[in-house]
Amino acid sequence: SIVTASDGIDALHRIEHRSPDLIVLDLGLPRLSGHDLRREIAAHAHTRHIPILVVTGQANVDPGDFDCVLRKPVDAGTLVAAVEDCLRQRRH
């Protein structure tokens, strides 16, 4: 199932209560940025294994900071394919 969050703090709370298979992350989140959320996820042993697919229009994103990067604009089919690819990469 898909769970959404309205901002970075909400996302962090949801991740702490239910560990997802993958996180699709926009870097421009309110209250806690996507970069800060990634650092929080990486800082904890019980969440650092969760792959992160960042979806961004920012040109200065270092692909080495995330498991997968998808550049905006994207359509639904491209997003689904990127999620599948990112999950597949993490399994290998």
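Start in helix H3: Asp-85 and Arg-88 sit three residues apart there, so about one helical turn separates them. Their side chains form a salt bridge, 2.5 Å from N to O. The term salt bridge means a side-chain nitrogen of Lys or Arg within 4 Å of a carboxyl oxygen of Asp or Glu. Asp-85 is partly exposed at 35% relative accessible area, and Arg-88 is partly exposed at 41%. Buried means under 20% relative accessible area, exposed over 50%, and partly exposed in between, using a 1.4 Å probe and protein chains only. Helices (H or I, at least four residues) and strands (E, at least two) are DSSP runs, numbered from the N terminus.

This is a predicted model: local features need pLDDT of at least 70, side-chain atom pairs count only at pLDDT 80 or more, and totals for chains, interfaces and linings use all residues. Residues are numbered from 1 along each chain as its sequence is written, and side-chain values use heavy atoms, without hydrogens or water.

Stay in H3 and select Cys-86. A disulfide joins Cys-86 to Cys-68, S to S 2.2 Å; the cut-off is a pair of cysteine sulfur atoms within 2.5 Å. Cys-68 lies in strand E3 (residues 68-71) and Cys-86 in H3 (residues 76-91), 18 residues apart. The S-S torsion is about 100 degrees, so this disulfide is right-handed. Both cysteines are buried.

Next, select strand E1, residues 23-26. Ile-23 and Leu-25 point to one face and are buried. Strands pair if DSSP finds at least two bridges between them. Ile-23 stands opposite Ile-52.

Go back to Asp-26. Its side chain meets that of Lys-72 in a salt bridge, 2.9 Å from N to O. Asp-26 is in E1 and Lys-72 in the loop between E3 and H3, 46 residues apart.

Now pick Arg-31. Arg-31 forms a salt bridge with Asp-7, with the closest N and O atoms 3.0 Å apart. Arg-31 lies in the loop between E1 and H2 and Asp-7 in the segment before helix H1 (8-17), so the pair ties together parts 24 residues apart in sequence.

Finish at Arg-38, in helix H2. Arg-38 is buried yet has no salt bridge. The nearest side chain of opposite charge, Asp-65, is 4.7 Å away.

Key: Lys and Arg count as positive and Asp and Glu as negative; His and the chain ends are not counted.
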